[in-house]
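Subject: Structure for your review

Dear colleague,

Please find below the structure I am handing over to you. My findings follow directly after it.

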Amino acid sequence: EVPIGPETSEIAERLCITGHCDGIFKHKKTGFRLGLEIKSISGKGFSALSSISDRYKGQATVYMACLSLPYMMFLYVDKNSSLLEPIIYDFEPERWDNIRAKIEDVTAKVLAGHPVSKIPDRMVCRNMCNFYWYCRPGV
């Protein structure tokens with residue numbers, strides 16, 4: 001696991017983000033880095049798999065921004081057969097701009113004592129935002 005937080009990323013510190021990426025591959029000669037996220041999936045879902053599910057794209061985008069990664073490899077694992085399917089996801093600057101704006105908005109509201117009434121992106125918020133439980137107690 002690769003930690004993401006104020007100790008490891010200026011972006012994470014500024015936006016109050018915490019989390020962890022499953023791993024990072026680094027080429028010894030070139031220094032090229034590639035993030036790794038491992039996801040288990042049912043056999044039915046695995047057989048229909050063609051791309052990264054939208055719910056994971058936000059998570060990957062935040063990790064990639066915080067860790068300065070151009071690509072993330074999702075390694076899907078079939079829970080029934082243990083078959084593997086790697087899918088590469090490219091960093092999307094526009095998606096990051098949208099997510100960053102939501103994070104900045106939530107952070108400003110929470111720090112002003114006004115938590116948001118609707119979570120803008122449940123996957124991103126729950127997994128990475130330090131204010132998630134403040135905005136949504138009991139969720």
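A residue is called buried here if its relative accessible area is under 20%, exposed if over 50%, and partly exposed in between, with a 1.4 Å probe and protein chains only. On that basis, buried residues make up 39% of the 139 residues in the chain.

This is a predicted model, in which local features need pLDDT of at least 70 and side-chain atom pairs count only at pLDDT 80 or more, while totals for chains, interfaces and linings use all residues. Residues are numbered from 1 along each chain as its sequence is written, and side-chain values use heavy atoms, with hydrogens and water left out.

The chain contains six helices and six strands, taken as DSSP runs numbered from the N terminus (helices: H or I, at least four residues; strands: E, at least two). Their order along the sequence is β-α-β-β-β-α-α-β-β-α-α-α.

Four of the strands form an open sheet of mixed pairing, in the order β3-β4-β5-β6; two strands count as paired if DSSP finds at least two bridges between them. Strands β3 (23-26) and β6 are at the edges with a single partner strand each, so one side of each has no neighbour in the sheet. On average, neighbouring strands of this sheet are turned by 30° against each other, direction ignored. Axes here are lines fitted to C-alpha atoms, for helices over the stretch in contact, and angles run from 0 to 180 degrees between N-to-C directions.

Strand β5 (residues 71-78) is joined to β6 (residues 84-90) by seven bridges in the antiparallel sense, with Met-72 opposite Tyr-89. Five residues lie between these strands in their hairpin, where Ser-82 takes a positive phi near 65°. With β4 (residues 33-41), β5 pairs in the parallel sense, also over seven bridges; Ile-41 has Asp-78 as its bridge partner in β5.

Helix α3 (residues 54-67) lies across β3, β4, β5 and β6 and runs at about 140° to β5.

Beyond its neighbours within four places in sequence, Phe-74 is in contact (heavy atoms within 4.5 Å) with residues including Ile-52, Tyr-56, Ala-60 and Ile-87.

Yours sincerely
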